[in-house]
Amino acid sequence: MVLFGALAANVGIAISKFVAASVTGSSSMLSEGFHSLVDSGNQILLLYGGHKAKRPPDALHPFGYGRELYFWSFIVAILIFSLGAGLSFYEGWVHWREPEPMRDPMVNYLVLGVAFLLEGSSWTIAVREFGRAKGSTSWWQAIRESKDPANFIVLFEDSAALAGLAIAAGGVWASHHWNEPRIDGAASMVIGIILACVAMLLLREAKGLLIGERADHAVVEEVRRIVTAQPGISAVNHVRTIHTAPQAVFVAISADFDDALTMGEGEALIERVEADLKAKLPLLSSIYIRPERSEDAATIVKAERRPA
C-alpha cells in the first residue's frame with residue numbers, strides 16, 4: 001500500500017514539475033522533476049524486488065530469494081545518489097553559472113502546492129505504516145533495526161521530497177522577488193545535497209541488510225527461553241540468527257543435551273523443540289539445532305572472538 005501510494009503520487013508530480021520547469025525556466029523545479037522521476041523509478045524497483053523475493057526456495061537458493069529485496073533497495077539508494085542528487089546539483093550549478101531569468105512563477109507555485117498535498121498524503125501513509133510497525137521503539141532505532149527496507153525507504157524519500165518542495169518554493173520566490181535567478185540555481189544545489197545525504201543513509205542501511213543482520217534481540221531471547229525450558233536440555237550455548245527476508249529468519253542453536261538421553265530420544269527432542277519454535281515464532285523459516293557440550297561450545301566461541 002505504501003509503495004503504490006507513493007508511486008501514484010510521484011508519477012503525476014514528476015509530469016507537472018517538468019511542465020512547470022519548461023514554462024517558467026526554473027532550475028529548482030527541473031531538479032524537483034528529476035527527484036520525482038527518480039522516486040517513481042525507485043518505487044517500481046522496490047515493487048519488482050518484493051515480487052521476486054516471494055519466489056519459493058529451490059536447489060540453487062535453498063533459503064529462498066528474500067534478499068533480492070535487499071539488493072534492489074541497495075540499487076535504489078545508488079540511483080538516488082547518482083541520478084537524483086547528481087542531476088539536481090549539476091542543474092543548479094549550470095543555472096548558477098549561466099543564470100536564466102525566471103518567467104511568471106505562478107505556475108511553479110500551483111504545481112508546488114499540488115505536489116505538497118500529494119507528497120504529504122504519501123508521507124502520512126508511510127509515517128502511519130511505519131509507526132504501526134515500530135511500536136514503542138524510537139523512530140531512529142526502529143529504522144536502524146527494520147528488516148523491511150520498503151517502509152523506511154519510502155519514508156526517507158517522502159521526507160526528502162517535502163523538504164525539497166519547501167526549498168524549491170523558497171528559491172522560486174526569492175529569485176522572482178529579488179530578480180536574481182542564481183538563487184534558484186542555489187536552491188537546486190541544496191536539493192541535491194539533501195538527496196545525497198538521504199542516499200548515504202539508505203546505502204548504509206541497505207548494506208547491512210544485504211550483508212546479513214541478526215534478528216531482533218527480543219526474538220533471539222525468546223528462542224533461548226523456549227529451548228532452555230525444554231526437558232532434556234541442560235543449557236543453551238548460543239543462538240545465532242540471520243534474516244533471509246524481512247519476515248524470514250534462519251536460526252542456528254547450540255544446546256547441551258542431557259548425557260542420559262539416547263540417540264532416539266535426542267532426535268525426538270530436536271523435533272519437539274523445532275515444532276515449539278515454529279508454533280511460537282512463525283518468522284523462523286529455517287531451524288538448525290546442534291547438540292554440543294557447553295565446554296566445547298565455549299572453546300569455539302572464544303576462538304571466534306579472538307582477533308585475527
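Helices α4 (106-134) and α5 (139-145) each supply at least two residues of the lining of the largest pocket, and α4 makes the largest contribution, 3 residues. This is a predicted model, in which local features need pLDDT of at least 70 and side-chain atom pairs count only at pLDDT 80 or more, while totals for chains, interfaces and linings use all residues. Residues are numbered from 1 along each chain as its sequence is written, and side-chain values use heavy atoms, leaving out hydrogens and water.

**How the terms are used**
- On a 1 Å grid over the protein atoms alone, a pocket is an open set of points with protein on both sides within 12 Å along at least five of seven lines; a cavity is a set where a 1.4 Å probe fits but cannot get out; lining residues have an atom within 4 Å of a point.
- Points are joined across faces, edges and corners, and a volume is the space filled by probe spheres set on them.
- Helices are DSSP runs (H or I, at least four residues), numbered from the N terminus.

**The largest pocket**
- The largest pocket holds about 380 Å³ of space.
- Its lining has 17 residues, and the closest to the pocket centre are Ala133, Glu145, Ser146, Lys147 and Asp216.

**The largest cavity**
- There is 1 cavity of 30 Å³ or more, and the largest cavity holds about 30 Å³.
- Its lining consists of His35, Asp39, Ile80, Phe156, Glu157, Ala160, Leu195 and Val198.
- Helices α2 (27-53), α6 (149-177) and α7 (182-211) each supply at least two of the lining residues, with α6 giving the most, 3 residues.
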